[in-house]
Every structure is written in C-alpha cells, then in structure tokens.
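Dear colleague,

I am passing the structure below on to you, together with some notes on what was found in it. Please open it alongside this message, so that you can follow each part as you read.

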Amino acid sequence: MAAPPQDGAAPRPRRAQDGGGEAGAAAEPGHGRAGRAVRRPGRRQRARDAGGRCQRGPARRWRLRRRLRQDRGAAMFRCGEEVVSEESEEESNGVNLMEFSDEILLHILSYVPCTDLVLNVRRTCRKLATLCLDKSLTHTVLLHKDYKVNKDKVKQLMRDIGKEIYQLNMAGCYWLPSSTIDHVTRCKNLVKLSLSGCPVTSLRLSRMLSSLQHLRSLAIDVTPGFDASQLSSECKATLSRVSELKQTLYTPSYGVVPCCTSLEKLLLYFEILDRSREGFMLSGQLMVGESNVPHYQNLRIFYARLAPGYVNQEVVRLYLAVLSDRTPENLHAFLISAPGSFAETGATKNLLDSMARNVRLDALQLPKAWINGSGLLQHLKFNNPFYFSFSRCTLSGGHLIQRIINGGKDLKSLTSLNLSGCVHCLAPESLFRKAEDDIDSSILECLVVSCCNLRHLNLSAAHHHSSESIGNHLCQLLSRLKHLLSLALPVCSITDVAASVEKPPTTPNLVPQTFGKKVRIGIPTYPRNLGDQANQKIESSVFWALMGSLRFLETLEIIGSSFSSAMPRNEPAIRNSLPPCVRAQSVGDSEVAAISQLTYLQSLTLAQLPNILTGSGLVSIGLQCQHLRTLSLANLGMMGKVVYMSALMDMLKHCRCLRDLRLEQPYFCAGAQFFQALSHCSSLQRLCIVSRSGTLQSDAVMSFMASCLEVIMCHMFMGEPLTVCKNLQQSIVRSFQAERPALNVVIFPLLHEDLTEVIRDVPMRHLDEITLFKSRVAEEPPNLWW
C-alpha cells in the first residue's frame, strides 16, 4: 500500500480516472509538458498494478460501457434504416462492423437497396466491395419500391451487375422513361422480369425480349397502341419459352398470350375503361388480325381480376372461350375476381362442367353469379386446397360444410379463405334468414377445427352476430387459429353480447349518422396516463382475449358491415353513407386499445366505429405497435366532428416506421398542428386524405413536404375550391419534383364532376394499394406472383 504524504508536503494531485493508491503514480511532479512524452499505462495495466484494490468503480463503468456497445451493435438496424450511434472517445476502440463474419454482414446488407449497394456501399472498402457483389445480393434485384431510383442509376446498375441479375422486379416504376427499358438488355441471364406499371411500347418490348433467351417469367402492361405484329421472330421465340405471364390490359387485346405456347401460369388484370377520354364508348372486340388461339394445354394456374365495367367482362370471355373447348388436364388453380354482376353464359357453363369432370383443384374463386343457385360446388373435386374465395356469394353455412369442408376431413392444407360479403356463410340455411340474425356457432367451430392452419381469413362486409351462449362467441372460436397472420372482421362481430345488451346507449350514439346540423355534446379528453387508460379497458372482453391470443398477427381490418367509401372507382363520390349496425354502437376506444397487444402488427384498417369518443386507443397502438407500416382510418366516431384528432396527433409522434397513411373522415381539418405531428413519421412515403367538406392549409402542406423527405405520394380529396387545389398541387410539383422523381401529387375537390377523369391518371400501384378503399385480406392467393 502506498505511504501517505509526509506532514507539510503538498498533496499529490489526483486525476478523475484514478483508481486510488499506486494507480495514480502517473500524476507525480514533472508530469507537465516533459511528462507527456512518457507513455501512460492503460486502464487494464493500472488495474493490474493496483492489485485489484479500489477498482470497483472503474471496472463497473468499463463493464457498463462494454454492455452498452453490445446493445448498440445489436440495434444497428431498425425499420430497415441504420441507427447511427454517437460513440465517445473511450468507446472508439469497440467492435468494428468489419469484424463481423461475412454471413452476418451479408444479412445486414440484404436490407440495403441494391442501387445503394452497387453504386455507393461497395466503394467504401475492399471487403464491402466484394460482399456487395455476392450472388445472394445480386441474384434478385428489387426496384419496385425504390422511389429514389432514376434512369441514370438504372443504367449504371445494369452496366455493373447486369450479367449477375437473374430476377429483376421493376413493377410500378411509372416515373422512369420508356428508354430505361433498353438497359435491361444487358441482363443476358435474366429468368424473371416484372415490368408492370412501366411504359413499354411493342417495339421496345420486341428489342428487349430478343436478347433475353433464358427468360421464363414475364409481367407487362398492354396499353393502347400495342401491336403484336411488330414483335420480331426472336422476340416470339423468347415468348414461346415463357411459362409464367402476368399481363395488365388497358385496351382490348390478347397482348402476347398467343405467342406464349408453353404457359403454365397466366395472370390477367383487366383495367379497361368503358369510355375513352373523348367520351366515346369502347368495344370489347379485339383488334383485327390478332390471333384468337391462346395456348392453354400446359396451363396450371389461371387468374383473372376485373375492374368494374362491361368491356372487361366481354374481353375476359374471349380468353375463356378457348378454355371451354379444351380444359387443361394439369389445371389446379382457377380464379376469377369480378365485381358486381358477371352473368354465366353457355361457354362458361361448359367450362365449369368440364372442370368438374377432368380436374382436381387446389385454389378456386368464381363470380357470385356462377355459384349462387347452382350445384357446381357439389361436383367439383379438390386435391390439397390452399385458397378459397367465395366473396359476395349467397353460400350458406350448410353448403359450405357439406360441399367444401367435407365434414372437416380435407382442409388441413387450406391457408387462405375469403368469405367477405358472404352474409349467410355462418348460418345453416339462407332461405328464411335475415342478414342480422345470429350466426350458428357450430358451423364456425367446424370451420375452425377443419381449417386449423389458416393464415389469412376475411369475414368482413357481413353481419356476424354471436348468440348469448357462453364460449360460442365468434372471437372465442377464432382465438384457436394460432397461425393467423391477417384477419378481417366486421365491427358488429367483435362486440360483447352482454355488453351490447346491458350497456345503455351513449350520447354520441343518439346523434344521427348523417351530414346534418352539428350537435354540440360533451367530449371528455382522453387519458394521458397509460396506466389510467389501462384501467378503463375491459380486459375480460372477448375481443381483448382474441387480440391477446393472436400475438403474431401482421394485418388487421375492422370494417363496418355497411361501410362504403366516399370515393369509388368509376363513379361520382358517394354523398351519403348507410348507418352502422346496431350492435356496432358499443364498439369504441376500449376495443381499439385492445389492438395494441399486437406487437408485430404491420397493417391496420379501422372503418365505421361509431362509439369512438376520444381515440385514446390510438395512442396505445402508436406506443406498442412499433412495426406499424400501413394505417387506414375511416369514419370513426361522430360524422360531424373529428373527435379523435388530438389522440391521432399523439399517435403519429410514435409511428417511426409508418409508410402509408390513409384518412377518410368528413370535416377533417388538415392544418398546421396535424402536419407538424405527421412530420414525426420520418419513414412516411404515401399520404391520402379523403374528406367531404374537409379543409387544408397550403403553407402547412408545403412545410410538411419539405420536412418529410421520403414522401413521394400526396393525394388529397377535400372540400376546397378547385383553384386552391390546383395552385397547391402545382407548388408541390414545382418545388419537389426534381429531388423526388417518383413524386405523384393529386389535390382535387372530392365532389367535383371531373373526379373520375383525375383518378384514371393515378398510377395503378398507388390507386390499388392506398387511394381506393377496399379489404385486402385474402384478396388473392398468397405468393401469387412475386
């Protein structure tokens, strides 16, 4: 032990990092300028010299700093973006990122867009230069949601790694000029290519496909002016080897289908309008000279999705005519999604009869008119079905159990089921039943037991009212489906029967759900303390228990059974909405708060919840659901006032990963406070607001666009005058288009007569994914294309 200083001697100066005793020997007299040349011992050496004495404080601090470095390294990437840590000088000697194994680094780099890897990251050091060109990173290149990519980046990317790319997804890159497609010819080994949503002429398509001899999968758009006669013989040779084709039609045409003689998977999307821009009626007849003999002999999957309109129905019948003559023997998935009425004809009846005799299906979706009142389902045979959709059909629960589920013996393989709009699917018979009558819990129980591996289930757009029997509530039965990843339910199905009977109607429920004179009522402020808020939740409710049992749910939709969006596809804006179901009147803030138990929730849709008083549950969701990327709210609470605005703004401050936000609410005020709160969503890319009689502040919108650099889509359909909307739209485009090549801005009065003309110019990616409201759970079979 060091001797104490003698009497009268000056005390030895101590450093803050000294551990005491001999560890402070470096601070002797003469430690000034001359002493700096002497190398001082490190912390470990000082600790050893001290003999382990008096080192408890520094050792503990060192362990805490090491643990902090480890925690920061583990949280290096969150929400797909790098979190830059501010290290002190003492932490600069920590673990270097380059010291990780190649396997870990490759996993980290897989979250970085390919354009950044090739054009930026690989230029930092030799090791990253090698890893960024690894086959696991260059084999598949996804540009379909890389909104920062431009023509020059694509050109450089194809020049650097074109020969290493085997799968290229450029779907939805609407902002890239058509000349960009010319650079795809560098990808000589390309096997799968998706160009849906990209402007491609028939001549450019011909030149590109002529050089892609290994191509086996293709997705393109067929737009007005497409001429199959311009395709070269080399192009047709490539198409003859294509086995998978996805074709989106904007004009009546066969496209490239007749050239694809080896088709095994055919996906058709019909987006043909009934009228031209000049107002002329269009015909479903194909262009003169087109071959009408598609080759379906090897077809395994046939899928067709129709937009509203009779022209689409006429064209799809031409595609089906060949199938009716000779049904492919290997066909195992037959799916037609058609809105409205799509009448059955003699040719389609022959096709279905042939399918019943010759094929065994694994996936089925038919228009409701083809199923209602027919015995087709009784004759169809199924192998190992993985997808069923009976959307909008009048199929009863008895028929569902007898003809489809087959007594619960054959549906263990079913992973996706769409019963949206099937008002009688949970009732034994539909002849004398009203849509609002209670469901038969035994049918639902049989469905749950038989389809125990369901991952996607849609029960929306119907009144599924549970009876008062204990243990037979719809939520209690659905809680057995432990593998669910996405779920869509009507609002009236999640209410407690006892609560809806015993609970007296609250004041907001007495307010008529119309756009009449505003009624002044008292609205309590939502609780700021989450502990107090938890006390207000009814944790014993069946919906609370359901959310607690589906902890891995990623997509949830709670939609009123009578809800209809104010912005349909090809019609004027709807001015009035139907009142909500009586049983839905008790669904409010406590049910919304129950959703906060879904830790892994990524997409949430709430529509027509009439008993929302303050929106306090939204704050809980914002705090707990940190993976939330898509949020859609429509008609919550009273229709004459946005009662949840304060809670919504508090929620948005916590949604760091939110990318898509859609709000549909009458009298919505998009002011400075709202956009200031929305600016906290640093990952936001797309915003859509639909509001009858809604208002906005142009300065607030401009400030928001300047602060949120990732926003590339801004759609607002409000109640502002046309001049105000046009001026704001032009200002946004003029200020930000150069920095954001994918920027798409539409600001237009909701009730304007030219709204449908404006909608037709919106890129299909935005229109289909966010601008138009619809239920998306089990809309298509999982992994249908990419």
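**Helix packing: H8 and H9**

In this predicted model, helices H8 and H9 are roughly perpendicular to each other. H8 covers residues 202-210 and H9 covers residues 233-240, and the two pack at an angle of about 65 degrees, with their axes 8 Å apart. The angle can be called roughly perpendicular because that term is used for 65 to 115 degrees. The crossing in which H8 passes H9 is left-handed. On the H8 side the contact is made by Leu 205, Ser 206, Leu 209 and Ser 210, and on the H9 side by Glu 234, Cys 235, Thr 238 and Leu 239. Sorted by class, the contact of H8 with H9 has 4 nonpolar, 3 polar and 1 charged residues.

**The chain as a whole**

The secondary structure of the protein chain comes to 27 helices and 24 strands. The chain has 786 residues, of which 50% count as buried.

Helix H10 (residues 310-325) and helix H11 (residues 346-358) have axes that come within 9 Å and cross at roughly 45 degrees, which makes H10 oblique to H11. H10 passes H11 in a left-handed crossing. Arg 317, Leu 320, Leu 323 and Ser 324 of H10 make this contact with Ala 347, Thr 348 and Leu 351 of H11. These residues of the contact of H10 with H11 divide into 4 nonpolar, 2 polar and 1 charged.

The crossing of H24 past H25 is right-handed. H24 contributes Ser 698, Val 701, Met 702, Met 705 and Ala 706 to the contact, while H25 contributes Val 724, Leu 728, Ser 731, Ile 732, Ser 735 and Phe 736. By class, the contact of H24 with H25 has 8 nonpolar and 3 polar residues, and no charged ones.

Strand E11 (residues 360-365) is largely enclosed by the rest of the structure, because 5 of its 6 residues are buried. E11 pairs in the parallel sense with strand E10 (residues 333-337), over 3 bridges. Leu 335 stands opposite Gln 365 in E11.

Helix H21 (residues 616-624) is also mostly covered, with 7 of its 9 residues buried. The buried residues in H21 are Ser 616, Gly 617, Leu 618, Val 619, Ser 620, Ile 621 and Gly 622.

Thr 138 is found in helix H6 (residues 135-138). Is Thr 138 buried or exposed? Its relative accessibility is 2%, so Thr 138 counts as buried. If its neighbours within four places in sequence are left aside, Thr 138 is in contact with Cys 132, Leu 133, Ile 161, Glu 164, Ile 165 and Tyr 166.

Val 642 is found in the loop between strand E18 (630-636) and helix H22 (645-652). With a relative accessibility of 12%, Val 642 counts as buried, the cut-off for that word being under 20%. Not counting residues up to four places away in sequence, Val 642 touches Gln 665, Pro 666, Tyr 667 and Phe 668. Val 642 and Thr 614 are 28 residues apart along the chain, and their C-alpha atoms are separated by 9.2 Å.

His 399 lies in helix H14 (residues 397-405). The relative accessible area of His 399 is 28%, so this residue is partly exposed. Along the chain His 399 and Glu 429 are 30 residues apart, and the separation of their C-alpha atoms is 8.2 Å.

With kind regards

Note on methods
Residues numbered from 1 in each chain as written. Predicted model: local features only at pLDDT ≥ 70, side-chain atom pairs only at ≥ 80, totals over all residues. Heavy atoms only, no water. Left-handed = near helix turned anticlockwise from the far one by under 90°. Helix = DSSP H or I, 4+ residues; strand = E, 2+ residues; numbered from the N terminus. Contact = heavy atoms within 4.5 Å. Nonpolar A, V, L, I, M, F, W, Y, C, P; charged D, E, K, R; others polar. Buried < 20%, exposed > 50% of the residue type's maximum accessible area, 1.4 Å probe, protein only. Pairing = 2+ DSSP bridges. Axes fitted to C-alpha atoms, helices over the stretch in contact; angles between N-to-C directions. Parallel < 35°, antiparallel > 145°, perpendicular 65-115°, else oblique.
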